[in-house]
Amino acid sequence: MSEASLPFNDKFYPSAEKIGSGDKRKQVWEESLKNPQEFWAEKAKAIDWFKPAPKVLDDSNPPFYKWFAGAELNVSYNTLDRHVKGAKKNKLAYIWEGEMGEVRTYTYYQLYREVNRLAKVFQDLGVKKGDRVAVYLPVIPELPITLLATARIGGVHAVVFSGFSAEALADRVNDSGAKILVTADGSFRRGKPVAIKDNADRALKIATTVEKVIVVKRTGQAIQMQEGRDVWYDQALAKAGSSAYVEPEPMQASDPLFILYTSGTTGKPKGVQHGTGGYLVWAYWTLKWAFNPTDEDIYWCVADIGWITGHTYNVYAPLSLGITAFLFEGTPDYPAQDRWWDMIERHGINILYGTPTAVRMFMKFGEQWPNKHNLSSLRILGTVGEPINPEAWKWYYTVIGKEKLAIIDTWWQTETGGFMIAPLSGIELTPQKPGSATFPLPAVNADIYDDKGQPVPTGTKGFLVVKSPWPGMLTTLWKDPERFKQTYFGRWPNIYYTGDYAVRDNEGYFWLLGRADEVLKVAGHRIGTVELESALVSHPAISEAAVMGKEDVVKGEVPVAFVVLRSGFQPSEDLRKELVKHIRTTIGPIATPDAIVIVNKLPKTRSGKIMRRILKAVLVGAPIGDVSTLEDDASVEDIKNTYEEMRKQLHK
C-alpha cells in the first residue's frame with residue numbers, strides 16, 4: 001500500500017488492555033536515550049551476573065560496540081539454575097505438542113537436568129569454550145535443550161533450519177567450523193516422516209570439521225549410523241547419568257553466544273554473531289515490555305527455532321523470564337485447518353505470537369474454523385516476520401481477538417536480536433493502527449532518511465535507520481568484520497542501515513513498507529512490492545499476494561501479481577479486471593499489473609515465507625533451483641501451468 005493511502009487515522013482501542021496517552025511510553029524512551037548508561041545499568045539487574053559490569057557500554061571502537069564490557073555471566077544459568085534455586089523449580093518451562101498430537105512437558109527442574117546431562121556429553125566429546133556446535137533439528141524439546149547445553153559449557157551454537165538442503169547445511173557447517181552436529185533421524189510433515197539424517201550425511205561428505213554426530217530418535221525410520229562418528233542422543237545421555245551436573249562456564253558479556261546465518265541479497269549467507277550479555281538483557285526486556293507475560297500465562301511463539309524469532313522468543317526470552325512457553329512441531333493446517341485454534345483451546349494458551357502469512361492463510365480458510373473453538377483464554381496477540389497488511393490486521397483483531405485484544409505487531413531483524421518497533425503492553429499501550437508497528441522501543445533511536453542521509457518529512461517514505469547502539473545488536477559477522485561494517489554501517493558512518501523502507505505519520509507512528517531492495521522501477525517510478533501486495537490483499541476476494549517485476553521494453557519493468565483467493569471466490573476474467581481497477585484506484589495507474597495470476601497456493605518455505613525467487617524464475621523461464629525448503633512442491637507446478645495458460649490466452 002502506498003504511503004498516501006495508509007490508514008493513518010484508523011485507530012482501534014482493544015477493550016482487554018488499558019489504553020494510555022503515550023506519555024509514559026515516551027518518557028521511558030526518552031530516558032533510555034538521554035541517560036543510556038544509567039538506564040541499562042538498572043535494567044541489567046534483572047539478570048544474574050557472576051561479575052558485574054564495570055562499564056555499561058564500551059563505544060571506543062564503533063561500530064564494534066561492547067555492551068556490559070568486563071561483566072561475566074552464563075545464559076544457561078540465567079534461564080535455568082536461578083529458577084531451580086527459587087520458587088519456579090517445579091513450574092512448567094515447556095509444553096510441547098508434536099505433529100502427530102503427542103504432548104511432552106518439562107518443568108524448569110526437568111529441563112535443567114536434561115541440559116546438564118547433554119552438557120556432560122559435550123564435555124566428554126571434547127567440546128570446549130568457544131567451540132561451535134551445529135544444530136539441525138525439528139522443533140522438538142531436544143532443540144532448546146541443545147542450545148542451553150551448548151551455552152552452559154561456553155560453546156557457540158549455529159542452528160540450521162531443518163528444512164534446509166544438505167548443501168545449505170554443509171555451507172553453514174563449513175563456515176562456522178562446527179565440531180559437533182546434533183540432528184535427528186527425521187521429523188514429521190503432514191503426518192509423514194521426513195528424512196533429516198540423510199541430508200546430514202550428504203552434507204558431511206563435504207563439511208569436514210564435524211567430528212561427532214549426535215542423533216535424536218524422532219520418527220524411528222531406518223537410517224545409517226556411521227561407526228565411530230554417530231551416537232544416539234538417548235544412549236549418550238544415559239551414559240552421562242541422570243545426576244550429571246556441569247558447572248556453568250563464566251562468559252564475558254561480549255563473548256559470542258550463537259551464529260545464525262541469514263541470506264544476503266548477493267553472495268554467501270551472512271553469519272550474524274550475537275554476544276552474550278547485551279543480547280540476554282535485550283531478550284528479557286523486549287519480551288517483558290511488548291507482551292508483559294505473567295507467571296500464569298502460557299505463551300506461544302509459533303516460529304521455528306531455526307530462525308532468530310525462535311532463538312530469542314522461544315528459548316532465551318521466555319526462559320530468562322521464567323514463564324511457560326508452548327512449542328509446536330507441525331503445520332498450521334494439519335490434520336485440519338483449525339489445528340492452531342484446537343491447540344489454543346486445549347492448552348489454554350494466553351499469548352499468541354504469529355505471522356501475517358499465517359493470518360492471511362487463515363483468512364482464506366474462512367471464519368468458520370476459529371469460530372468452532374473457544375479462544376477466550378487468549379489475552380494478547382502478536383505478529384512477526386513482515387509488515388502486516390491492514391486488512392489482515394483487522395481480520396486478526398476481529399475474528400481471533402473478538403475486537404478486544406491488542407495486537408503486538410513487531411518489527412525487527414536477525415541482526416537486531418529482538419523487537420525494535422512494537423506496541424508496549426508492559427509499559428503503556430497506545431491506540432492501535434492496523435498495519436503500523438507503532439513506536440520504537442526504549443534505546444531504539446530510529447529515524448527515516450532519504451538518499452542523502454537526511455531525515456524525511458512526515459508522511460514521506462524513506463530508509464529506516466537506527467542512530468545509536470542498543471544492547472541486542474549483532475556484534476559482528478562471523479569471520480567477516482569488514483562485511484559487517486560495510487553492510488550495516490557503510491552507507492552512513494555509525495548509523496545502522498536496516499535495508500527497510502518506512503514512513504512516519506503525523507502522530508509519530510512508524511509504518512514498515514518492506515525491503516528497500518524489493519522495489520520495482522516502472523516508467524521511472526519506484527513502487528514497493530509490499531505496497532502492491534497490501535493493496536491487493538485489501539480487496540475482499542484476495543487472501544494472499546506476491547508481486548514480482550518483469551522486464552518491459554517500454555516501461556523498464558512491469559508488475560506481475562500472483563494471488564490466492566479467499567474461500568467463496570472463483571477465478572474469472574471479470575475478477576482480474578476488478579483487481580486491476582482496484583490497484584489503479586488504490587495506488588494509481590502507474591502500478592497497473594501487467595498480469596494477475598490466480599493460483600491455489602504460493603510457494604512457501606516451511607517457516608511460511610514466500611519463495612519469491614521461484615516466482616521470478618517462472619516469470620523469466622529460468623531454472624527453479626533448489627526447492628528443499630519448499631513446503632509443498634505441487635505449488636510450483638500449479639503456478640507454472642497457470643501462468644503458461646494465461647500467456648497463451650493473452651497471445652491468442
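**Figure 1. Helices α4 and α8 are roughly perpendicular to each other.** Angles of 65 to 115 degrees count as roughly perpendicular, those under 35 as roughly parallel, those over 145 as roughly antiparallel and the rest as oblique. Helix α4 covers residues 108-124 and helix α8 residues 233-240; they pack at about 95°, with their axes 9 Å apart. Axes are lines fitted to C-alpha atoms, for helices over the stretch in contact, and angles run from 0 to 180 degrees between N-to-C directions. Helices (H or I, at least four residues) and strands (E, at least two) are DSSP runs, numbered from the N terminus. On the α4 side, the contact uses Glu114, Arg117, Leu118, Lys120 and Val121; on the α8 side, Tyr233, Ala236, Leu237, Ala238 and Ala240. The contact residues are seven nonpolar, no polar and three charged. Here Ala, Val, Leu, Ile, Met, Phe, Trp, Tyr, Cys and Pro count as nonpolar, Asp, Glu, Lys and Arg as charged, and the others, Gly among them, as polar. Contact means heavy atoms within 4.5 Å.

This is a predicted model: local features need pLDDT of at least 70, side-chain atom pairs count only at pLDDT 80 or more, and totals for chains, interfaces and linings use all residues. Residues are numbered from 1 along each chain as its sequence is written, and side-chain values use heavy atoms, with hydrogens and water left out.

**Figure 2. Helix α2 meets helix α9.** The axes of α2 (residues 36-43) and α9 come within 11 Å and cross at roughly 85°. The two helices are therefore roughly perpendicular to each other. Phe39, Trp40 and Lys43 in α2 touch Val281, Trp282, Trp285 and Trp289 in α9. Six of these contact residues are nonpolar, none is polar and one is charged.

**Figure 3. Tryptophan 285 and tryptophan 289 form a tilted aromatic pair, one of 47 aromatic pairs in the whole structure.** Rings of Phe, Tyr and Trp (its six-membered ring) pair if their centres lie within 6.5 Å; planes under 30 degrees apart count as stacked, over 60 as edge-to-face and the rest as tilted. The two tryptophan rings are 5.6 Å apart, centre to centre, with 35° between the planes. Both residues sit in helix α9 (residues 277-291), four residues apart, so about one helical turn separates them. Tryptophan 285 is buried at 13% relative accessibility. Tryptophan 289 is buried too, at 4%. Buried means under 20% relative accessible area, exposed over 50% and partly exposed in between (1.4 Å probe, protein chains only). One aromatic cluster holds Phe39, Trp40, Trp49, Trp67, Phe68, Trp282, Tyr284, Trp285 and Trp289.

**Figure 4. Phenylalanine 68 and asparagine 292 each have a positive phi without being glycine.** Phenylalanine 68 has a phi of about 55°. This residue lies in the loop between β2 and β3 (72-73) and is buried, at 1% relative accessibility. Asparagine 292 has a phi of about 50°. Its loop runs between α9 and β16 (298-301). Asparagine 292 is partly exposed, with a relative accessible area of 30%.

**Figure 5. Helix α12 is mostly covered.** Nine of the ten residues in α12 (residues 356-365) are buried. Among them are Arg360, Met361, Phe362 and Met363. The buried residues pack against α11 (339-347), α13 (368-371), β19 (380-383), α14 (390-400), α16 (529-537) and β28 (542-552). Just after the helix, glycine 366 takes a positive phi of about 105°.

**Figure 6. Threonine 324 reaches a backbone oxygen from strand β17.** Strand β17 covers residues 324-328. Threonine 324 is buried, at 7% relative accessibility. The side chain reaches the backbone oxygen of leucine 92 at 2.6 Å. A polar contact is a pair of N or O atoms within 3.5 Å; within protein, one must be able to donate a hydrogen and the other to accept it, and residues adjacent in sequence count only if both atoms are side-chain atoms. Leaving out residues up to four places away in sequence, threonine 324 touches Lys91, Leu92, Ala93, Ile95, Asp297, Ile298 and Tyr299.

Figure 7. Proline 63 lies in the loop between β1 (57-58) and β2 (66-67). Proline 335 is in the loop between β17 and α11.
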